[in-house]
Amino acid sequence: MARKVAIVACSQLIYEKKRNSSREMMVYEVINELLKNAGISKADIDSFISAQNDYLEGRTISNMRTVGPSGAYLKDESKVEMDGAFAALYAYLRILSGTHDVVAVYGESMASCYPPYLPMTWTLDPSFDRQNGFVNEISAAALQACSYMYKYGITEKQLAKVSVKNLENATKNPYALRKINNIDIETVLKSRLLYSPIRALNAYPLTDGACAILMASEDKAMEMTDKPVWIEGVGTCHDSYYMENRILADCDCLQLAAKSAYKMAGIKDPLKEIDVIELHENFSHEELIFYESLGLCSKGKGGEFIDTGATLINGILPVNPSGGALSANPVCATGLIRIAEVVMQIKHEAGEHQITNKKEVNIGLAHGQNGICAQQNIVFILKGARKCEM
Amino acid sequence: MMKQEGEYSSVSGEWPLSAYKWKTERFFDKYVEGLKRKQITGIRCTGCGSIFVPPTVICCRCLTRLRLENDDDWIRISERGTVLSYTISYMEILPGGLKERKKEDRIIYALVQLDGTDTHMLVELRNLFEEDVKVGMRICAVWVDEPKGALSDISHFIPVK
Amino acid sequence: MRNVAIVGVGMTKHVSKRRDVNIPEMVYEAVEAVFQETGLAPKDIDAFVTGNMPAFEGINTPELWGGGYWGAYRKPVIRITTGGSTGASVAQGAIYAVASGVYDTVLTLAFEKQSDGDTSVGLNSTSLADFANLNSYGATAVTTQLSSAIGLFVYQATSYMHKSGLTIDQIDKAAAMLRRNAAKNPYAHLKQPNITAEDIAKTPMISYPLRFGHTCPASDGAVAMIFTTKEKAKKITRKPAWVKGLAACSEDGTVLGQFGGGSINIDPAEQRSCKFAAQKAYKMAGITNPEKEIQVAEPYIPFGHQLFIYFERLFLCKEGDAPKLFDQGVMDLNGAIPICPSGGVMSNNAIGAAAMVRIAECALQIMQKAGEHQVTQDVHTAVAHGLGGSANLNVVTVLGDSPN
Amino acid sequence: MAKREEVKEVTTNINPSYDWSVGYYMERFIKEFKSNKIFGVRCPACDKVYIPPRMICEQCFKKLSDWVEVSSEGSIISYTIGHVELDNKFGGLKEPIEPNIIALIHLDGSDSHIVHQIKETSTDEIRISMRVKAVWAKDPKGYLTDLCYFKPI
C-alpha cells in the first residue's frame, strides 16, 4: 500500500430511545462535534461518506437531504447502504487511492422513526421467507443461539454473562443508552423471554443515534493530531443468504474477514497481540461465537472463554468496554461506534470506561456486521503510537 | 399470495411507510404565524447572512444552525419576486398514471425568488395567459381572504402590473 | 492513483418487464455475460461493489439475498446507493477499491427491476417525509405537482431554455436522435429506428415544455463491469479502457429543501455540482480542453432538454452554445462529440443501473466493442456522467484508451 | 437542546406496493405444493440438493436444472419458541395468542435447511433432531400456504 491512513478524530452523541430532533439535526450535531474534536472546519474535508439505509429512513435516496447538514455541500459525497464500518472501509479505499486526503464518515438511524425490526424482514426472499413470516432478526438469532448452544454445550448462564459484562461496562460510558446498575446473571435470566433462548437483555435495544469519524492520509493526519490511530488491516466477507450454506453455530464468514485483516496487519496471535476489541454483537450469543471466529479461543470454547473473565474490562483482552451493541445499537452507526471506541481506548481518551489494567492500549480490533445472523462482517485492526510498518 | 399474470407468477407486498414517524424541527411555526398576519417572513443565517424563504433549520452553505427561537433572526420579506423557472401542467400526475387536464384547468407553477432572499419557492401563478409567462417576470403574492396560519394562506401569485 | 482498467462489460437486454425472473436471477445474466466476456470466474474476483435504487423494488439490501447468485459467496461486498447516480457511484467505489491497492480485481454491478414496483411511488418516496411536513402546515396542490421526476426536472428545462434560447423543436430533435441511436444498441429498451422530430412533436405535452416523447421509459435491466490493475488487465484483454479521472459532487436539493424548507440551490439548470465534479475529473485526467480532447460523452439524460444542459456542464462547449452545436450535428453519431450513441437514459432506464451503463458504454466505445452504435471516429477519451437525488448529486468519470 | 415541542412528528398515508416476479424456480416449487410435493434442484458439481430451489449453486457457481423430489419428512436442526411475534403493520413485538415454535428443518433427500413452524406438539416436547413431517392444506391450490406447518412424526 502506497499510503498510510489514520483515524484522527471521532464523535458520538448520547444514544437515546427517542431523540428529540430530526435526523438531519442529529447528523448536523454529530458532524459539528467531529469538527470540534478534530479542530478543523468543513473546508478541510475532501469527501464525505455516509452509512444510511433507506428502509430505516423511510426515504429513497436518504443521503439527498443530509448533504447540507453533514457539511458535504459542494463536496465529493457518497453513501454506503450498510453498517458504518463498511462506510469507513470505503473512506479508507478513497484515501489509499491518493485521490482524497481527508474523509469524514458518519452513520445514523432512528429506531423511533422506523417500524422496529420490520426493515430487516424486507431483506428476505419475497417469494418464500418473507411470505412465510417466520424469519425476523430475533427469531433467526434465536435459531442460531439454539444451534450454537446445542452443538457446543453453551449455557444460558454463559449467554447472560455477556450481557452482564457489557451492560456493566455501559454504566461507565456516558453515551450508552442501556445502563443497568448492579446487573447480575439473575437480572438477565429474569428479563422478558422473546424468542427462546433470547431474552430482552440478550438483545440489542432500539436506539436513535449517530457516530462520525474523521480519516486522513499520513501527512494530513500528522498535521491534525499528535495521536493518530492507524488502520493496519481490514478484512470483510459476505456469507450465503441460505442457512445451509452457512454453519450458523460457527460464523465462518467473520473468521475469513478476520483472517484477511490479521494477514494485512501481520497479526499472528490475536489473543496476545490485541489489547482491546469492540464487537458489533446484536445478541449476546453472537459475542461468544465471535470470540471463536476471531481466534481468541478454539471453536466451541466461547463459553469457557467468557468464564475465565478474560474479556472483562480488567481482563487480559477486554471486549466491548463501551458496553457494545447490547448497550446502544443505532443501526448503520454501530460499526462506526466500535471503531470510535477503539480509537478512544488507544488514545487513552475513553474516560471512565478506559482500560486501566494495561501498560498501554496500542492495538485494537473493531468489528461491524450487516444482515440476519451477521451475514456480512468487517474487521478493522487499529494501532496507536508508533506508525505502522508495511 | 402468489398470483398468475400471463405466463408468469408473482407475489405482492408493500412498504408500510404509514408506520414511519419522521421528526422535524418546527421551522414553519413562526413562518405560518406571519402568514396569518398576511406577512411573509424569512430567517437569516447568522453565519453567512443567507435569507431563507421558506425557512429551514440548517444553512448548508456555511453549516450553521439557524436560530428559530430568536425573533431578531426572522425578518419581514417582500411579497414580490422574480420568476426563476416555471411550468404549465397539462396533465395531472396520479399514482396510476397521467390524466390530461382540460385547457381551462391547466395550472402554471413557478419557482419564485422573493426580493432579498437567497432561496426559491414553488408557487402557483394566475391571471395571465400561458404564452405570457416568462422567466425573469415580476410577480407578487395574493392572499386568501381569511388567512388561518397555513401555507395555503398565500393563495397564488400574479404578475406585477 | 494507480492505473485502473476496465476489462469487461456485461449487460442484460433492457426491457419494460422481465416477469420471467426474480431480481437475483436477472442480475445473474449481466454477471454471466461479463464473466463470459473476460473469461474470469468468481475465484478471480477480490471484491464486489453493488447497488440499486432502494425502495423501487421493496427489497432491502438485495445483495443479502442475491449476492451468492452473482459469485459473491464469501467475498467482500460493498453496497453503495445514491439515487439516480447510483450506478456511477457504485462504479467509482469499484475504481477506488482497485486504485487503493487493497483489491486487484473488482466486479461491480448495478440493476433495477422496475416492473416489480411502482416507479412513480418509488420516486415519490424520496420526498414523502418533506411533503408530510408541508401538508401538516396546510400546503396543498404544490406538493402533489412535485411528486414525480418530471415535476422536478421541468424547472431545469424552462430555466435553461431562457438562458440559452433552446426551443421545444430542438428538444424534439434531440429525443428523436437518442431513440434512433438506441435502435442500433442491442441492449436498449426503446428502439425507434425511423422516429423523427415530427413524431416526437405529436406526443402530448405533460408539463410545459416537456412532452411525453421527451421522457425516459422505466426498464428492467442490469449491468456488470470488471475493473482490474494494469498488470492483470494485460492478461485479460488486448484493449482495455482506462480510468483517467473521477469525481463526484453534491449540493443542496433543488425546488424543495429539507422537510420542505428553503433551498439555496435556486437554479436547477445551473448544476454547479456537475461543473465542480467535471473540473476535478478533467484535472485528474490531464484534460485542459475537453471540447477538443473528448470524442464521446454519455451524460445522464432522462429528459430531452438535459442533453443540452449536460453538454455544457461537462464543458464540451461554452455555456449557451449547445443548441447551436446540436443543430450543426456535432452531437450525432458521426459528429465531433457524439452524445449518448447508446441512446442514453432516454431509451434505456433501469434507474439504479442507468448511471453505470453510461460508464460501460464509454468503455465499449473505447474498446471498440459498441458494435452498430460505435461512433465513426476513434475514441481516445470519453466522459460519463450520472445524476441523482433532487438534481443535486453529480458523478463524473473520464475514461481513456491508454493508462496514465 | 431543543424543547420537546420544538420537534414535530409527521406521517404519510402512502404505502408503496410491490409485485415481485417469483421466477421459474420458485414458481415450480410452489406449484408442486398442489400435489403435496416438495421439489429441489441438484447441483451438477457438488451434488447438493437445494430447497427452496434456486438458479445458482453459490459455492460452485453452477447453474442448476436437475429437479429432484425431496421427502416431506425431516428433522429439526434448531428451534426457537416465540413468546413474541412481529407486528407486521407497525413493527415492534407483540404477544402472540400462544407461543409458536419456529424451527430450522432439514428435509430428507435435501441438503438444505428451511425455516418453518412446528405445530401439534408442546413447547416441552420440542427438541433438536426430532423427526417431523409436513402437514398440507386440505384443499391445496399451488400456494405457499398449502404447506401449513410441520408436526412430529
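This passage walks through a predicted model, looking at how its chains touch and how some of them are built. Residues are numbered from 1 along each chain as its sequence is written, chains are lettered from A and ligands numbered from 1 in the order in which they are written. Since the model is predicted, local features need pLDDT of at least 70 and side-chain atom pairs count only at pLDDT 80 or more, while totals for chains, interfaces and linings use all residues.

Chains A and C come up first. Here 53 residues of chain A are in contact with 53 residues of chain C (in contact means that the C-beta atoms, placed from the backbone, lie within 7 Å). On the chain A side, the elements giving two or more residues are helix H2 (54–57), strand E3 (76–80), helix H3 (84–97), strand E8 (229–238) and helix H10 (252–265). Helices (H or I, at least four residues) and strands (E, at least two) are DSSP runs, numbered from the N terminus. H3(A) puts in the largest share, seven residues. Sorted by class, this side of chain A has 24 nonpolar, 17 polar and twelve charged residues. For that sorting, Ala, Val, Leu, Ile, Met, Phe, Trp, Tyr, Cys and Pro count as nonpolar, Asp, Glu, Lys and Arg as charged, and the others, Gly among them, as polar.

Chain C also meets chain B, with 45 residues of chain B in contact with 46 residues of chain C. On the chain B side, strands that give two or more residues include E2 (8–14), E3 (22–25), E9 (80–89) and E12 (107–114). E9(B) gives the most, with six residues. This side of chain B splits into 28 nonpolar, twelve polar and five charged residues. E9(B) also pairs with strand E5 (residues 205–208) of chain C, in the antiparallel sense over two bridges; strands pair if DSSP finds at least two bridges between them. In E5(C), Ser207(C) stands opposite Ser89(B).

Within chain C, an open sheet of nine strands runs in the order E3-E2-E4-E7-E1-E8-E11-E10-E9, with mixed pairing. Its edge strands, E3 (77–79) and E9 (296–298), each pair on one side only. On average, neighbouring strands of the sheet are turned by 25° against each other, direction ignored (axes are lines fitted to C-alpha atoms, for helices over the stretch in contact, and angles run from 0 to 180 degrees between N-to-C directions). Inside this order, E4(C) (residues 106–113) and E7(C) (residues 220–229) pair in the antiparallel sense over eight bridges, and Phe111(C) stands opposite Ala222(C) in E7(C).

Back in chain B, helix H1 (residues 29–36) has Tyr31(B), Val32(B), Gly34(B) and Leu35(B) as its buried residues. A residue is buried if 20 or more other C-beta atoms lie within 10 Å of its own, exposed if 12 or fewer, and partly exposed in between, with C-beta atoms placed from the backbone. Seen down the axis of H1(B), the buried residues fall within an arc of 150°, so they line one face of the helix; the arc is that of the directions from the helix axis to the C-beta atoms. These buried residues pack against strands E4 (40–44) and E15 (154–159) of chain B. Just after H1(B), Lys38(B) takes a positive phi of about 60°.

Chain D has one helix and 14 strands. Its radius of gyration is 20 Å, well over the 15 Å that the globule rule gives for 153 residues, so chain D is more spread out than a compact globule.

Notes
Two residues are in contact if their C-beta atoms, placed from the backbone, lie within 7 Å. The radius of gyration is taken over C-alpha atoms; the globule rule is 2.2 Å times the number of residues to the power 0.38.
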